[in-house]
Amino acid sequence: MSSIYPPLETERLILREFVESDWQAVHAYASDPVVVHYLPFGPNSEEDTKNFLLTQIKMRRKKFRQHFAFAVTLKSDKQLIGSCRISITNPDKQEASIGFCLAKDFWGQGYATELARKLLEFGFQQLDLHRIFATCDPKNKACMRVLIKIGMRQEGYMREYEFIKGEWRDCVLFAILKREMIHIQLLSIA
Ligand SMILES: CC(C)(COP(=O)(O)OP(=O)(O)OC[C@H]1O[C@@H](n2cnc3c(N)ncnc32)[C@H](O)[C@@H]1OP(=O)(O)O)[C@@H](O)C(=O)NCCC(=O)NCCS
């Protein structure tokens, strides 16, 4: 029995559950070496992308759902421009991580910031989380900037933490607490 979440909506985006027929749009960016440079996967083969989608769809069937992956689509023309996720890493601690990836043509227009804010809202309000974190390569300046813009704070720096694409890479840990998010929302209303 699959639990499908209703789409999440932002000003310009719809974040919706994946369907199998998304594979070509996902493959267009997941097979791009520039897009996946800082990511642990890719560049994808067609089979990798199809397996990714099947895994996302399969994970919806779990009784207690811990992983929520969304296709990032434009409200204006429904085009799929990327993916994002929020994954409960520790249910007892009400903790989750987020991640996101966009096709290159859509970088630099504020989309990642917009979707990441929505992931935080979804996590704190609908999943009742206490803490949400994200990690990234310190060389990935765009990602670091997004994490700072959504109100996360740097908590750690892990040296040579992950072996990605043939080399050990450093990793920065960012996080935000529910009470900090409420504070940010109050500030934006004031
Ligand atoms: C990281 C990523 C999601 C950012 O998406 P985006 O939609 O371009 O992000 P936004 O437009 O919301 O914000 C990007 C910010 O980074 C800044 N930025 C971009 N490149 C930068 C660089 N080389 N140095 C410093 N800042 C940079 C932008 O100026 C912007 O900040 P600003 O609004 O203060 O000007 C996108 O580059 C991507 O998909 N990369 C590949 C996958 C990936 O690395 N995902 C993150 C894994 S942790």
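Helices (H or I, at least four residues) and strands (E, at least two) are DSSP runs, numbered from the N terminus, and the legends below use these labels for a predicted model.

**View 1. The shell of residues around the ligand.** In this predicted model, the ligand is surrounded by 21 residues, the closest of which are Leu102, Gly108, Thr113, Arg145 and Lys149. Helix H4 (141–149) contributes the largest share of this shell, 6 residues, while strand E5 (95–102), helix H3 (111–126) and strand E6 (131–136) are also among the elements that each supply at least two residues. By class, the shell around the ligand comprises 12 nonpolar, 6 polar and 3 charged residues.

View 2. For tryptophan 107, a polar atom of the side chain lies 3.3 Å from a ligand oxygen atom.

**View 3. The largest pocket, with the ligand in place.** The ligand takes up the space of the largest pocket, for which the volume is about 1200 Å³. This pocket is lined by 48 residues, and those closest to its centre are Leu39, Gly99, Phe100, Cys101 and Cys143. Sorted by class, the lining of the largest pocket has 29 nonpolar, 12 polar and 7 charged residues.

**View 4. The largest cavity and its lining.** When the whole structure is searched, 1 cavity of 30 Å³ or more is found, and the largest cavity holds about 30 Å³ of space. The residues that line the largest cavity are Glu17, Phe18, Gln56, Arg60, Arg65, His67, Phe68 and Ala69. Strand E3 gives the most to this lining, with 3 residues, and the lining as a whole has 3 nonpolar, 2 polar and 3 charged residues.

**View 5. Backbone geometry in two loops.** Most residues other than glycine have a negative phi, and most peptide bonds are trans. The peptide bond that joins glycine 42 and proline 43 is cis, with omega at about -5°, and proline 43 is found in the loop between helix H1 (23–30) and helix H2 (46–59). Lysine 78, a residue other than glycine, has a positive phi near 65°, and its place is in the loop between strand E3 (67–74) and strand E4 (80–90).

Notes:
Residues are numbered from 1 along each chain as its sequence is written. This is a predicted model: local features need pLDDT of at least 70, side-chain atom pairs count only at pLDDT 80 or more; totals for chains, interfaces and linings use all residues. Side-chain values use heavy atoms; hydrogens and water are left out. A residue is near a molecule or strand if one of its heavy atoms lies within 4 Å of it. A polar contact is a pair of N or O atoms within 3.5 Å; within protein, one must be able to donate a hydrogen and the other to accept it, and residues adjacent in sequence count only if both atoms are side-chain atoms. On a 1 Å grid over the protein atoms alone, a cavity is a set of points where a 1.4 Å probe fits but cannot get out, and a pocket is an open set with protein on both sides within 12 Å along at least five of seven lines; lining residues have an atom within 4 Å of a point. A molecule sits in a cavity or pocket if more than half of its atoms lie within 2 Å of its grid points. Ala, Val, Leu, Ile, Met, Phe, Trp, Tyr, Cys and Pro count as nonpolar, Asp, Glu, Lys and Arg as charged, and the others, Gly among them, as polar. Grid points are joined across faces, edges and corners, and a volume is the space filled by probe spheres set on the points.
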